[in-house]
Structure formats: structure tokens, C-alpha cells
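Subject: Structure handover

Hello,

Here is the structure I promised you. Please open it alongside this note; what I found follows below.

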Amino acid sequence: MAKAALAEAYTAFGLTIRSDFPLPELPLAVVPALNGDAVILEADLSARWQAIPKLSPTLGVSGNEVMFIVKDTAIYSVKDGNVISVSPASGADPDAVRLFILGSCMGILLIQKRILPLHGSALAIDGKAYALVGASGAGKSTLASYFMDQGYSMLSDDVIPVIVREGQPFAVPGYPQQKLWQQSLDYLGMNSSHYRPLFQRETKFAVPVQGRFHGDPLPLAGIFELSVLREGAPAVTRVSGLERLHLLFGHTYQRAMINRLGVREWHFGMLASFVNRLPVYRLSRPEQGYSAPQLASYINEAIEQQAKERAE
């Protein structure tokens with residue numbers, strides 16, 4: 001894998017990132033970091049991987065270091081919330097190595113920094129951020145793409161960093177790229193030949209969104225959970241009470257690391273600090289067909305209703 005000179009500084013997730021590896025998806029850093037710095041180093045991790053206590057054949061944790069191995073790709077170490085070390089396998093696909101750096105590694109690093117990573121897409125609507133969360137395949141990125149086609153901007157796809165200032169949660173921008181399935185591209189009228197397939201996912205593609213990317217943090221004003229129904233029409237319901245807390249816990253990116261890193265008390269306190277003041281909704285869509293326009297209508301109606309409630 002080609003190696004850079006650790007001189008180029010990138011920005012993503014509110015971090016200034018210096019890297020041994022080229023990160024073409026990320027914009028170059030032009031402003032001071034919001035959440036501090038991170039360094040991505042190429043290193044031989046063989047001995048450290050053998051020594052670290054294992055929780056499974058592919059995962060090891062010791063103190064504030066998490067290591068994992070991806071067959072035929074790399075060994076990864078994420079330590080102290082600021083250093084990611086990577087030992088690529090011989091002949092590894094650079095796209096594959098980078099995919100785990102910008103996904104799993106960044107999610108773990110954010111938790112180490114005590115920054116909440118939600119699993120979803122975040123949109124900028126009327127000067128506020130709205131998060132679309134849900135299981136893989138629920139349609140988060142497809143719905144976000146539909147909103148962008150209507151003139152809105154995206155803050156983040158897949159990992160949404162959330163920080164809290166004086167009780168107000170803020171969504172922090174990720175980087176200007178989406179991951180879309182072939183079916184989503186077909187629904188949206190986009191030609192897959194224009195985009196790069198993701199590693200080992202020939203039907204999922206990296207879609208740049210530079211012209212529709214919002215690069216500044218915004219107040220997080222609502223969360224919409226997408227779920228898939230085997231049958232039935234699209235629907236929206238309001239989530240209330242403790243169910244909101246469980247929902248946000250369930251959609252924390254790399255949530256298995258919460259207990260393994262000993263930060264459960266922080267995580268609970270982080271969610272509890274703002275969950276009661278944040279509207280949360282559940283959107284249900286049918287398993288078959290393209291329901292993004294109807295779901296977007298429900299979201300817009302919910303946002304309008306919030307505005308009326310605040311004005312009263």
C-alpha cells in the first residue's frame with residue numbers, strides 16, 4: 001500500500017488526522033480541530049497482536065487499546081483516543097485497508113475520546129441536524145440521498161459523532177462520501193459505473209457528495225429510526241420515555257466496545273444528558289419497493305410539528 005509522508009493533514013469527525021496512508025475520501029484540514037488530533041501509522045503489529053489478551057480470535061483489548069484483525073487485510077490497533085496503527089497484510093487491497101480505518105477504527109477511537117458515535121446518516125435541514133439511524137440495510141443512506149436530491153446537505157454517513165455542549169447535542173460532520181447499494185442507485189437513477197465498488201461488496205458503492213456536504217457542526221434536533229416491515233405501508237410513530245434511551249444505545253456505533261473499554265457509565269450519562277429533550281421517531285417502511293418520498297414527507301411533517309410546538 002502506497003505510503004504518504006505523514007505531512008498531509010485531513011479533517012473528519014471533528015478531528016485533524018495525519019496519516020501514513022493516503023485518505024482520498026477526506027478533505028484536507030484548513031481549520032483547527034474541534035475534537036483534537038489523530039494519527040494513523042503504518043507499523044508491524046505482529047508481536048503486539050500475539051501478546052494482547054484476546055476476547056475472541058479476531059479481537060483483543062488491553063486497557064485503552066483495542067486490536068482486531070481482518071483476514072487478508074490488516075491488523076489494527078486503536079489506542080488512547082488518538083493513535084491508529086495499521087499492519088497491512090501482504091498484497092492487501094488498499095481500499096479494504098482504508099475501509100476499516102475510516103469505519104471500525106474511527107468508531108472505536110471516538111468512544112475512547114468520549115465522543116458518542118451513532119450508526120446512521122445525518123442531514124442538515126433548516127440549520128439543524130437530523131439523524132437517520134437503523135440496522136444495516138434499513139435504508140438510511142438511500143433516504144439521505146433522496147433528501148439531498150431535494151436540495152438538502154449531508155453531515156455524515158455511517159458514523160455520526162455527537163458531542164454535548166451545555167446540555168445541547170451537536171452532530172459533527174464526518175466526510176463527504178456515502179455508501180449506497182446497487183438497488184439504491186437504481187431507485188435514485190444513478191449509474192453505478194460512475195462509482196467505485198467498496199471492497200468485497202461489488203453491489204455497494206462509494207458515492208462522493210462534496211457539493212452536498214455540510215462541513216460544520218449543527219445542533220441535533222431529532223432522531224428518526226428506520227425499520228423494515230415484511231408487509232404494510234410506511235408509517236411513523238413517536239418514541240417516548242425510556243425507550244428513547246434504549247434506542248440510542250442500540251444504535252451506538254461499535255456499541256460492543258462500551259463495556260470492553262469500561263465506559264458504560266460515561267455512555268449512559270452521555271445519552272441521559274440530552275435524550276429527554278430530543279424528539280425521537282420510528283419510521284417503518286415496507287421491505288419491497290421505494291418508499292423514500294413517503295418517509296421524507298413524514299420527516300418533514302414531524303419537523304414542522306416540532307416548530308409549531310416550540311412556537312406555542
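Start with Asp-95 and Arg-98, whose side chains form a salt bridge with an N to O distance of 2.8 Å. Keep in mind throughout that this is a predicted model. Both residues sit in helix α2, three residues apart, which is about one turn of the helix. Asp-95 is partly exposed, at 24% relative accessible area. Arg-98 is buried, at 8%.

Glu-25, Asp-95, Arg-98 and Arg-196 are joined in a network of salt bridges.

Ala-96 is buried, with a relative accessibility of 1%. Ala-96 and Val-70 are 26 residues apart in sequence, and their C-alpha atoms are 9.6 Å apart in space.

**Other salt bridges**

How many salt bridges does the structure hold? The count is nine. Two more of them are worth a look.

One is between the side chains of Glu-65 and Arg-48, at 2.8 Å from N to O. Glu-65 is in strand β6 (residues 65–70) and Arg-48 is in helix α1 (residues 46–51), so this bridge ties together parts that are 17 residues apart in sequence. Glu-65 is buried, at 8% relative accessibility. Arg-48 is partly exposed, at 35% relative accessible area.

The other is between the side chains of Asp-149 and Arg-212, at 3.4 Å from N to O. This pair links distant parts of the chain, 63 residues apart. Asp-149 is in helix α3 (residues 140–149), while Arg-212 is in the loop between β16 (201–208) and β17. Are the two partners buried or partly exposed? Asp-149 is partly exposed, at 44% relative accessibility. Arg-212 is also partly exposed, at 26%.

**A buried glutamate**

Next, go to Glu-225. You will find this residue in strand β17, which covers residues 218–229. Glu-225 counts as buried because its relative accessibility is 11%, and the cut-off for buried is under 20%. Which residues does Glu-225 touch, leaving aside those up to four places away in sequence? They are Val-133, Leu-247, His-251, Tyr-281, Arg-282 and Leu-283.

**Helix packing**

Two packed helices are described by the angle between their axes and the distance between the axes. Here are two pairs.

First pair: α5 and α7. Helix α5 runs over residues 242–250 and helix α7 over residues 264–272. Their axes come within 10 Å and cross at roughly 125°. The two helices are therefore oblique to each other. The crossing of α5 past α7 is right-handed. On the α5 side, the contact residues are Leu-245, Leu-248 and Phe-249. On the α7 side, they are Arg-264, His-267, Phe-268, Leu-271 and Ala-272. By class, this contact has six nonpolar residues, one polar and one charged.

Helix α8 covers residues 292–311. The axes of α3 and α8 are 10 Å apart, and the helices pack at an angle of about 75°. They are therefore roughly perpendicular to each other. From α3, the residues in contact are Leu-143, Tyr-146 and Phe-147. From α8, they are Ala-292, Pro-293, Leu-295, Ala-296, Ile-299 and Asn-300. Eight of the residues in this contact are nonpolar and one is polar, with no charged residues.

**Backbone angles**

Most residues other than glycine have a negative phi.

Asp-158 has a positive phi, near 85°. This residue lies in the loop between β11 (153–156) and β12 (159–165).

Glu-166 also has a positive phi, near 50°. Its place is in the loop between β12 and β13 (168–171). Is Glu-166 buried or exposed? Glu-166 counts as exposed, because its relative accessibility is 84% and the cut-off for exposed is over 50%.

Best wishes

Definitions and conventions:
Residues are numbered from 1 along each chain as its sequence is written. This is a predicted model: local features need pLDDT of at least 70, side-chain atom pairs count only at pLDDT 80 or more; totals for chains, interfaces and linings use all residues. Side-chain values use heavy atoms; hydrogens and water are left out. Helices (H or I, at least four residues) and strands (E, at least two) are DSSP runs, numbered from the N terminus. Buried means under 20% relative accessible area, exposed over 50%, partly exposed in between (1.4 Å probe, protein chains only). Contact means heavy atoms within 4.5 Å. A salt bridge is a side-chain nitrogen of Lys or Arg within 4 Å of a carboxyl oxygen of Asp or Glu. Axes are lines fitted to C-alpha atoms, for helices over the stretch in contact, and angles run from 0 to 180 degrees between N-to-C directions. Angles under 35 degrees count as roughly parallel, over 145 as roughly antiparallel, 65 to 115 as roughly perpendicular and the rest as oblique. A crossing is left-handed if the near helix is turned anticlockwise from the far one by less than a right angle, and right-handed if clockwise. Ala, Val, Leu, Ile, Met, Phe, Trp, Tyr, Cys and Pro count as nonpolar, Asp, Glu, Lys and Arg as charged, and the others, Gly among them, as polar.
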